[in-house]
Amino acid sequence: MMRTSIVCVLLAVPALLFTAQRPVDLSQQRVVDLTHAYGPSTIFWPTSPTRFELKALAAGQTPGGYFYSANTFCTPEHGGTHLDAPVHFFEKGLTADKVPVEQLIAPAVVIDISAKAAADRDYRLTVEDVAAFEKGHGRIARGTIVLLRTGWSKYWPNVKQYLGDDTPNDASKLSFPS
Ligand SMILES: [Zn+2]
């Protein structure tokens, strides 16, 4: 069974301070970086034939007398903290470059299922979880980014603990909350 593992969201702000239709004033909000560093230990989907590769092209003084640094990198799409474009599982869905940036910066709410995930590593968010959140915090406004806190970051970057299985090229025995 295929499941996406991580949702990339760059901004988490209190949603109850404003509606999703208004622009976000970053000077009035707390910006939280939820990303994991991208590098050799980044977790990728097991069937990915390659991993993150970084090669230094230059790093040092040039004959012209100035410092110059440049790298080249290659990476599969589905690893680490990333955005899954709608086209990932929908042939008529948008590709990442077509997703309006306005949809990626918005008020966010966090639904915490970490206790349930700790008891059942295959736990999946339910309608009842969302309803319980709204009962306690108010209705989630249209356009709000909903973040799911699974508590799974504690396992990063241990592949076996994070994905439930570390068999190369085999996604059939994965186990994690979603
Ligand atoms: Zn992905």
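Predicted model: local features only at pLDDT ≥ 70, side-chain atom pairs only at ≥ 80, totals over all residues.
Residues are numbered from 1 along each chain as its sequence is written.

The secondary structure of the protein chain comprises three helices and four strands, where helices (H or I, at least four residues) and strands (E, at least two) are DSSP runs numbered from the N terminus. Read from the N terminus, the elements follow the order β-β-β-α-α-β-α. Two residues are taken to be in contact if their C-beta atoms, placed from the backbone, lie within 7 Å; among the contacts between residues at least 6 apart in sequence, 62% join residues at least 24 apart.

Burial was assigned from C-beta atoms placed from the backbone, a residue being buried if 20 or more other C-beta atoms lie within 10 Å of its own, exposed if 12 or fewer, and partly exposed in between. By this criterion, 10% of the 178 residues of the protein chain count as buried. Helix H2, which spans residues 127-137, is hardly covered, since the count of buried residues among its eleven residues is zero. H2 is followed by Gly138, which has a positive phi near 95°.

A nonpolar core is defined as a set of buried Ala, Val, Leu, Ile, Met, Phe, Trp, Tyr and Cys residues joined through C-beta atoms within 7 Å. The largest such core has seven residues, namely Ile43, Phe44, Ile113, Ala117, Trp152, Tyr162 and Leu163. When neighbours within four places in sequence are left aside, Leu163 is in contact with Ile43, Leu174 and Phe176.

Two prolines lie in loops. Pro107 is located between strand S2 (67-74) and strand S3 (108-112), and this residue counts as buried because 23 other C-beta atoms lie within 10 Å. The C-alpha atom of Pro107 is separated by 8.7 Å from that of Val146, although the two residues are 39 residues apart along the chain. Pro157 occupies the loop between strand S4 (145-149) and helix H3 (159-163), and the peptide bond that joins Trp156 to Pro157 is cis, with omega about 0°.

Asn169, in the segment after H3, has a phi near 60°, a positive value in a residue other than glycine. Asn169 counts as exposed because it has 8 C-beta neighbours inside 10 Å.
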